Each structure stands twice: as C-alpha cells, then as structure tokens.
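This briefing sets out selected local features of one protein model for use in computational work.

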Amino acid sequence: MKQATVLYVEDNEYNRKIVRQLLRRTPYRLQEAPDGEAALAMVRLERPDLILMDVQLPKTSGLEVTRTLRGEAATATVPIIMVTSFALSGDDQKAMAAGASAYLAKPYSPRELLGLIRKFLPEEMRGEES
Ligand code: MN
C-alpha cells in the first residue's frame, strides 16, 4: 500500500496533539503546519495526499489558503477537508465556496474525522477500516 501523507493546518497546539494521537492508529503519515504561510510552503514541498484545514488561522485564514491552493494547477484537486466551528454558522458554506472538498464541524468525533479522511483519500491509500 502506498502511504498517504496528510497535512494538518492548525494553529492550536492542543488540537494538533489530539489529531496527532488519532492518526497514530492509522497508516497515514501526518505533517503539521501552524499557519497559512507554513501550509503553502509545506504543500509545495511535500505534496500531501489530503489536507485537513482549520478555518481560523492567524494572518491568512484557512479559506484564503484553500482558494490559493485551488488556483494552482498542482493542488487544484487535492482533497481539502475544512474544519469549521459549529458556533459560527455560515462557515460551512464559506468552506465549500472556497473550494473545500468537505467540511467537518467542531466538535467532531474521531470516527467522523477518520471516516472523512478515508473517504477522500485515493483508494489505494485508505488502509483497513478501523
Ligand atoms: Mn485555529
């Protein structure tokens, strides 16, 4: 099986820790970026197979980063799952309008997150269902 690389863009260290622990039980390789600038640099360098993107980021928002990625040929079709805040209604529509493949509202369960990642990864990278 070809190993999938998942990039998680999130400024909150606690949230990154949670997802890091979750993905430890999967065959996926996790990379992390704390802000939009770092995310763009890492995407160009590492070509992740899927991006998990928080909306609320310092300086450049996840929506803006997503629009930028969609505008570039190399990343126009990479799956992007946007993590939105349940409290901020309208974030889900904004995420889809920016080009996200799907959105996940906080708070979400581990099962929901892993299910969405599996759904949007190429079949040969999904691994066993847990
Ligand atoms: Mn955030």
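**Briefing on local features**

K59 lies in the loop between β3 and α3. The model is a predicted one. In K59 the phi angle is near 60 degrees, a positive value in a residue other than glycine. The residue is exposed, because the relative accessible area of K59 is 75%, and the cut-off for this class is over 50%.

**Manganese site**

- The manganese ion has four protein donors listed by residue and atom: E10 (OE), D11 (OD), D54 (OD) and Q56 (O).
- These donors lie 2.0 to 2.6 Å from the manganese ion.
- Along the chain, the donors of the manganese ion follow the spacing E-D-x42-D-x1-Q.
- D11 and Q56 link distant parts of the chain, being 45 residues apart.
- D11 sits in the loop between β1 (5-9) and α1 (13-23), whereas Q56 sits in the loop between β3 (50-54) and α3 (62-70).
- D11 counts as partly exposed, because its relative accessibility is 37%.
- Q56 also counts as partly exposed, with a relative accessibility of 41%.

**Salt bridges**

- The count of salt bridges in the model comes to 7.
- Side chains of opposite charge can pair when their charged atoms come close.
- One of the pairs is R20 with E13, in which the closest N and O atoms are 3.5 Å apart.
- Both partners are partly exposed: R20 has a relative accessible area of 26%, and E13 has a relative accessibility of 40%.
- Another salt bridge joins the side chains of R16 and E32, at 3.0 Å from N to O.
- Because R16 belongs to helix α1 and E32 to strand β2 (residues 29-33), this pair ties together parts that are 16 residues apart in sequence.
- R16 counts as buried, since its relative accessibility is 12% and the class covers values under 20%.
- E32, by contrast, counts as partly exposed at 23% relative accessibility.
- E13, R16, R20 and E32 are linked in a network of salt bridges.
- A further salt bridge connects the side chains of E72 and R44, with an N to O distance of 2.6 Å.
- E72 is in the loop between α3 and β4 (80-85) and R44 is in helix α2 (residues 36-46), so the pair ties together parts that are 28 residues apart in sequence.
- E72 is partly exposed at 27% relative accessibility, and R44 is partly exposed with a relative accessible area of 44%.

**Backbone geometry**

- The peptide bond from K106 to P107 is cis, with omega near 0 degrees.
- P107 is placed in the loop between β5 (102-106) and α5 (110-120).
- R47 has a phi angle near 45 degrees, which is a positive value in a residue other than glycine.
- The position of R47 is in the loop between α2 and β3.

Definitions and conventions: Residues are numbered from 1 along each chain as its sequence is written. This is a predicted model: local features need pLDDT of at least 70, side-chain atom pairs count only at pLDDT 80 or more; totals for chains, interfaces and linings use all residues. Side-chain values use heavy atoms; hydrogens and water are left out. Donors are N, O and S atoms within 2.8 Å of the metal (3.2 Å for Na, K and Ca); water is not among the atoms, so sites may look incomplete. Helices (H or I, at least four residues) and strands (E, at least two) are DSSP runs, numbered from the N terminus. Buried means under 20% relative accessible area, exposed over 50%, partly exposed in between (1.4 Å probe, protein chains only). A salt bridge is a side-chain nitrogen of Lys or Arg within 4 Å of a carboxyl oxygen of Asp or Glu.
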